[in-house]
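User: I am new to this structure and would like to learn how to read it step by step. Could you take me through its main features, giving the general idea before each case?

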Amino acid sequence: SLEDMLLPEDSDLGTFIGRFFSSLQDIASRPDDLSARTVAIESGKALANSFNTYDRSLKNFKNGVVKEVDTQIDQVNLSLKQITQINKLIRSSGKSEASNDILDARDLSLKELSKLINFTAEFDETGAANLRLGDSGKGPVLIEGLSFATITSSSNEKNIIFKINRNGTSY
């Protein structure tokens with residue numbers, strides 16, 4: 001979307017800048033011509049409008065990205081909670097005796113979560129999943145036993161900041 005907005009067209013910012021400076025050159029070559037001055041003023045207004053349009057578009061783009069991030073985080077948090085509930089079912093069924101249906105549900109939930117974030121999974125003796133963020137296996141703990149982390153985000157002018165909250169601690 002950002003590329004589509006910034007790719008050159010007939011009405012892109014570069015075109016308006018070019019027209020404005022061209023109109024200033026016309027004034028310099030014909031300083032007594034009132035029509036050249038009028039064209040320069042109108043080109044300046046069009047350039048200012050173009051800057052304002054880009055500013056609005058970029059703000060809308062940023063707001064859309066922040067909303068999309070929030071939606072994805074909600075889905076990740078829901079998946080983490082769901083996997084923890086499945087872990088509870090696995091553990092309640094005893095050591096290595098979880099039904100195939102429960103293990104299939106665990107695997108499906110892990111697969112769905114993998115579409116949203118990268119994580120590493122380790123399985124305890126009962127088959128319950130413990131998850132860490134990232135591919136290294138050393139990232140922050142997302143699920144350990146029956147406790148799970150929640151991910152939150154905040155944004156400022158330049159960044160989207162993610163926090164992982166687990167057992168009262170933020171990473």
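Analyst: Let us start with two terms: helices (H or I, at least four residues) and strands (E, at least two) are DSSP runs, numbered from the N terminus, and two strands pair if DSSP finds at least two bridges between them. With these terms, a hairpin joins E5 to E6 through four residues. This is a predicted model, in which local features need pLDDT of at least 70 and side-chain atom pairs count only at pLDDT 80 or more, while totals for chains, interfaces and linings use all residues. Residues are numbered from 1 along each chain as its sequence is written, and side-chain values use heavy atoms, with hydrogens and water left out.

User: How many bridges join strand E5 to strand E6?

Analyst: Strands of a sheet pair through backbone hydrogen bonds, either parallel or antiparallel. Here E5 (residues 150-155) and E6 (residues 160-166) run antiparallel and are joined by six bridges; within this pairing, serine 154 has isoleucine 161 in E6 as its bridge partner. E6 is also joined by two bridges to strand E7 (residues 169-170), again antiparallel, and in the hairpin of E6 and E7, with two residues between the strands, asparagine 167 takes a positive phi near 50°.

User: In what order do the four strands of the open sheet stand?

Analyst: The order is E1-E2-E3-E4, with antiparallel pairing. E1 and strand E4 (147-148) are the edge strands, each of them pairing on one side only. Five bridges join E1 to E2, and the bridge partner of threonine 120 in E2 is arginine 132.

User: Which strands does helix H3 lie across?

Analyst: For such angles, axes are lines fitted to C-alpha atoms, for helices over the stretch in contact (heavy atoms within 4.5 Å), and angles run from 0 to 180 degrees between N-to-C directions. Helix H3 (residues 34-92) lies across E2, strand E3 (141-144) and E4, running at about 25° to E3, whereas helix H4 (residues 100-114) lies across E1 and E2, at about 165° to E1.

User: Is glutamate 125 buried or exposed?

Analyst: Buried means under 20% relative accessible area, exposed over 50%, and partly exposed in between, using a 1.4 Å probe and protein chains only. Glutamate 125 lies in the loop between strand E1 (119-123) and strand E2 (129-133), and it counts as exposed because its relative accessible area is 53%. Buried residues make up 28% of the 171 residues in the protein.
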